[in-house]
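Opened the notebook for another model today.

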Amino acid sequence: MALDRDVVMELVGRAVADVGAVFAAGTVVLGQRLGLYRALAEGPATPDELAARTDTTPRYVAEWLAGQAAGGYVQHADGVYSLSEEQAFALTDPDAPFDIPRAFLLATGVLRSEPRITEAFRTGAGVGWHEHHEDVFLGDGAFSRAGCAGQLTTEWLPALDGVVEKLCRGARVADVGCGHGASTVLLADAYPASTVAGSDHHGAAVDVARKRAADAGVADRASFEVASAQAFTGTGYDLVTTVDCLHDMGDPLGAARHIRAALDADGAWMVVEPAAGDTVDENLNPVGRLFYGISTLCCVPAARAQEGGYSLGAQAGPAALRQVATDAGFTRFRRAIGSPLHDVYEIRP
């Protein structure tokens, strides 16, 4: 068989870029942990100057800066490095819509579990969220918080029919699969007349959520319980939210049925899921690649570790989500709004 050398070299070129990205991920995490980005945001610096600002070693900093410049994360001119306003915002501002360093922390944390995931491929077993390195929780929590902070109250909720008005008057909300409580705390803070009940099956995450609610001064209207999506307590909710978590559940249909039973007759279920089409071909793009990657290493194993063992995956798409909602007895399903990374669905009884 005669190989097309140009095609082979194109694939090699992609691999070079991808391997470089893997190594770059580690250097971004280093930059975040050591405060290098924050220090560089204070003003241009040579490696020696940045090392002095961060109490680090100049030779290491010089190599790090050169790599960051090669990757386009920092600017370089005549031996001096700097961050543009846009780079500083994206790399150091916790209110940025995409927390770049924490996203890399999530990725490198998940990669620590590769041997366990490899074995799961052979056995079919699951790997629960709680079995990953703590960096996965730190990275995912901050990454989710950034996304929620930028869109939850300004874009996602206003896209739902009449929901914001209810929240302003005073509504009962269940935030299912709340994780570290990013969405729960934001809801309680934005709508002080409402109460929000967060739930998650991961006890350590709930502990963090309770602390964050207390720190934010909303503990009086944001409560938490350790419970699965099929067993959280309460009924008559005006709004139930599942933010970026339905695809992680081992029994999404059971969760949908329980949510329907917990909703008020005029209530709404807001489902936030990774942006996706219904077919593999529709998802052959950078966003699909990102979500298929994390789904392979984290989401599908997490779902298989739970009772039910069913896995939607992070690229389920609207048809699969609609089917879950319909099978659970919901009668109204619509895509309310979308973004490059997420789709938001409004589902009603």
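Started with Asp-244, which is partly exposed at a relative accessible area of 25%. My cut-offs, with a 1.4 Å probe and protein chains only: buried is under 20% relative accessible area, exposed is over 50%, and partly exposed is in between.

Housekeeping: this is a predicted model, where local features need pLDDT of at least 70, side-chain atom pairs count only at pLDDT 80 or more, and totals for chains, interfaces and linings use all residues. Residues are numbered from 1 along each chain as its sequence is written, and side-chain values use heavy atoms, with hydrogens and water left out.

Back to Asp-244: I looked up its phi and got a positive value of about 55°, although the residue is not a glycine. Most residues other than glycine have a negative phi. I find Asp-244 in the loop between strand E6 (237-243) and helix H12 (252-262). Helices (H or I, at least four residues) and strands (E, at least two) are DSSP runs, numbered from the N terminus.

Next I checked Asp-78, another non-glycine with positive phi, near 55°. Asp-78 sits in the loop between strands E1 (75-77) and E2 (80-82), and it is exposed, with a relative accessible area of 78%.

Then I went to H12. Its buried residues include Pro-252, Gly-254, Ala-255, Ala-256, Ile-259 and Ala-262. Among what covers them I noted E6, strand E7 (263-274) and helix H14 (318-327).

Key:
Contact = heavy atoms within 4.5 Å.
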